[in-house]
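Work through the exercises below with the model in view. Each task is followed by its solution.

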Amino acid sequence: MSVPLADRVIQLAYDPGISPKGGGLPGLAVLKNVVSSINMFGIIAVVGALAVSLGVWAWGHHSGGHQAEANGKKGAVVAAGAALGLGAANGIVAFFSSLGSQVH
């Protein structure tokens, strides 16, 4: 039995009525604490990676080691990008979540 086109479109446009809500499951506060701690650990690790990369960059520059200098530069850029991503993670997720909630 064939379903008319209008009925198929109505089925595709069905709104299940689900949206994110806090407090529905136990342990949400613990999960937020764990994720915040992981983010802080990542930021601390990036500070160390940046310090090492800048040291390798300086050592390579002063010793004439072009490969070490290039690797130090690469490491510094990657560490800076990681710091940007970790610091902006909450805002990025909030932005796209808000953007996604506007889709109807």
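**Exercise 1.** Which residues of α3 are buried, and what do they pack against?

*Solution.* Start with the cut-off: buried means under 20% relative accessible area, exposed over 50%, partly exposed in between (1.4 Å probe, protein chains only). In α3, the buried residues are A68, E69, G72, G75, A76 and A79. They pack against α2 (28–63), where contact means heavy atoms within 4.5 Å. Now take the partner helix. The buried residues of α2 are G42, V46, S53 and G60, and they pack against α3.

The model is predicted: local features need pLDDT of at least 70, side-chain atom pairs count only at pLDDT 80 or more, and totals for chains, interfaces and linings use all residues. Residues are numbered from 1 along each chain as its sequence is written, and side-chain values use heavy atoms, with hydrogens and water left out.

**Exercise 2.** Find the salt bridge and place its two residues in the helix.

*Solution.* Apply the criterion: a side-chain nitrogen of Lys or Arg within 4 Å of a carboxyl oxygen of Asp or Glu. The side chains of E69 and K73 meet at 3.9 Å, N to O. These residues are four apart in α3, so about one helical turn separates them. Next, check accessibility. E69 is buried at 15%. K73 is partly exposed at 36%.

**Exercise 3.** Where is the kink in α3 centred?

*Solution.* Compare axes fitted to the seven residues ending at a residue and the seven starting there; the angle between them is the bend. In α3 there is a kink of about 60 degrees, centred on A88.
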